[in-house]
Amino acid sequence: MKRSAVVVAMALAAATTVQADPVTVYGQLNVSAQSSDEGEGRFSELKSNSSRFGLTGDFALDNGLTLVYQVEWGVDLADVGDGDNITSRNQYIGLKGHFGEVRLGRHDTALKDAQGKIDLFSDYEADVKNLWRGEVRASDSVTYYTPTFNGFGVHLTYVMEDAADAEDAFSAAVYYGDDSLKDSNFYAAIAVDSDVAGFDAMRAHAQTKVSGVKLGAMYHTQENIVSGLEQDGWLVSAAYPLGKTELKAQYQTLEDDDAVSVGVDYKAGKNTTLFAWYSSFNLDLAAPDRDYLAVGIKHKF
């Protein structure tokens, strides 16, 4: 057994036996059967779509402080085996109090986190990361969330250089409202990256719910720090509920490249969703056009 698999097994065993510190074991299993065409002909494949599991918890300390932690791993249920299918996701330890919350470790940057639920095809082929830069989970990072005030909050990320010839990186976001649209019918955020994974970036986000219909939009700009190439694009998304079914559509651009996606989700149980979607990429001459058709199942625990 690979070392990573051994470590994960030990962590899960500890979580089930130690009762003094409240620990929640959680996860998401998401697999789709796909018909894919990436420019060289159509083929079938099974894809694990950011399946994951982890441990999270908190522990009351003195002086109004709370210890918080999360250790999450990605797991590939379809393509990779022999222990290599275990990868690191958000993993941190931190403190929470009247000042807000500080997290130390590996964490999504403020810009990545600011999109909320606007990307309706996150984790699939049409995830915004497939056209845009900025979807970074930063190691060696310090994350800070301010307390919210009248619905406003700030999320800051500082990424340490970790080498003598490297540069620090920063990410910041200001947001308003509830990104799940449960406590309010509106969410908005503005976020910037400075020298994160070789790019500067800026995004503006907005999402609202009108008569149960979710409508979202994003504007994105990015600049390659080395080449100086600047690019921009935008995204719109919509989701329409019909009982246990949700119809959704999304369109995203980056200069002359674009992606269009349509899909349907069916709530088969409290934590289980059956889904189908189609995504098509119209790309510039540097890459062939692509399209994907998928059906699958997602279960959360």
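Student: Which residues gather in a patch of negative charge on the surface?

Tutor: That patch is made up of Asp 140, Glu 161, Asp 162 and Glu 167. Keep in mind as we go that this is a predicted model.

Student: OK, and where does Asp 162 sit?

Tutor: Asp 162 is in the loop that runs between strand 8 (152–159) and strand 9 (169–177).

Student: Does Asp 162 count as buried or exposed, and why?

Tutor: Exposed, because its relative accessibility is 59% and the cut-off for that class is over 50%.

Student: Switching to salt bridges: how many does a search of the whole structure find?

Tutor: The search turns up 9. One of them joins the side chains of Asp 291 and Arg 42, at 2.4 Å from N to O. That pair links distant parts of the chain, with Asp 291 in strand 17 and Arg 42 in strand 2 (residues 42–48), 249 residues apart.

Student: And how covered are those two partners, Asp 291 and Arg 42?

Tutor: Asp 291 is buried, with a relative accessible area of 16%, whereas Arg 42 is partly exposed at 46%.

Student: What about Arg 89, which side chain does that one meet in a salt bridge?

Tutor: Glu 72, at 2.6 Å from N to O. Arg 89 belongs to strand 5 (residues 86–97) and Glu 72 to strand 4 (residues 66–75), 17 residues apart. Arg 89 is buried, at 13% relative accessible area, and Glu 72 is buried as well, at 7%.

Student: Which residues are linked in a network of salt bridges?

Tutor: Asp 108, Lys 112 and Arg 137. Between Lys 112 and Asp 108, the closest N and O atoms are 3.4 Å apart. Lys 112 is buried at 18%, and Asp 108 is buried at 10%.

Student: New topic. How many residues does the largest nonpolar core have?

Tutor: It has 19, and those with the most contacts inside it include Phe 121, Trp 132, Met 218 and Trp 277. Strands 13 (230–242), 16 (272–282) and 17 (290–300) are the elements that give two or more residues to this core. Strand 16 gives the most, with 3 residues.

Student: Last one: which residues form the nonpolar patch on the surface?

Tutor: Tyr 219, Trp 234, Val 236, Tyr 251 and Val 260, with about 420 Å² of accessible area together. Of these, Tyr 251 lies in strand 14 (residues 245–254) and counts as partly exposed, at 30% relative accessibility.

Conventions:
Residues numbered from 1 in each chain as written. Predicted model: local features only at pLDDT ≥ 70, side-chain atom pairs only at ≥ 80, totals over all residues. Heavy atoms only, no water. Patch = residues over 30% accessible without salt bridge, like charges linked within 9 Å, V, L, I, M, F, W, Y side chains within 5 Å. Areas by Shrake-Rupley, 256 points an atom, 1.4 Å probe, with all protein chains shown as cover. Salt bridge = Lys/Arg side-chain N within 4 Å of Asp/Glu carboxyl O. Lys, Arg positive; Asp, Glu negative; His and termini not counted. Charge placed at Lys NZ, Arg CZ, Asp CG, Glu CD. Helix = DSSP H or I, 4+ residues; strand = E, 2+ residues; numbered from the N terminus. Buried < 20%, exposed > 50% of the residue type's maximum accessible area, 1.4 Å probe, protein only. Core = buried A, V, L, I, M, F, W, Y, C linked by side-chain atoms within 4.5 Å.
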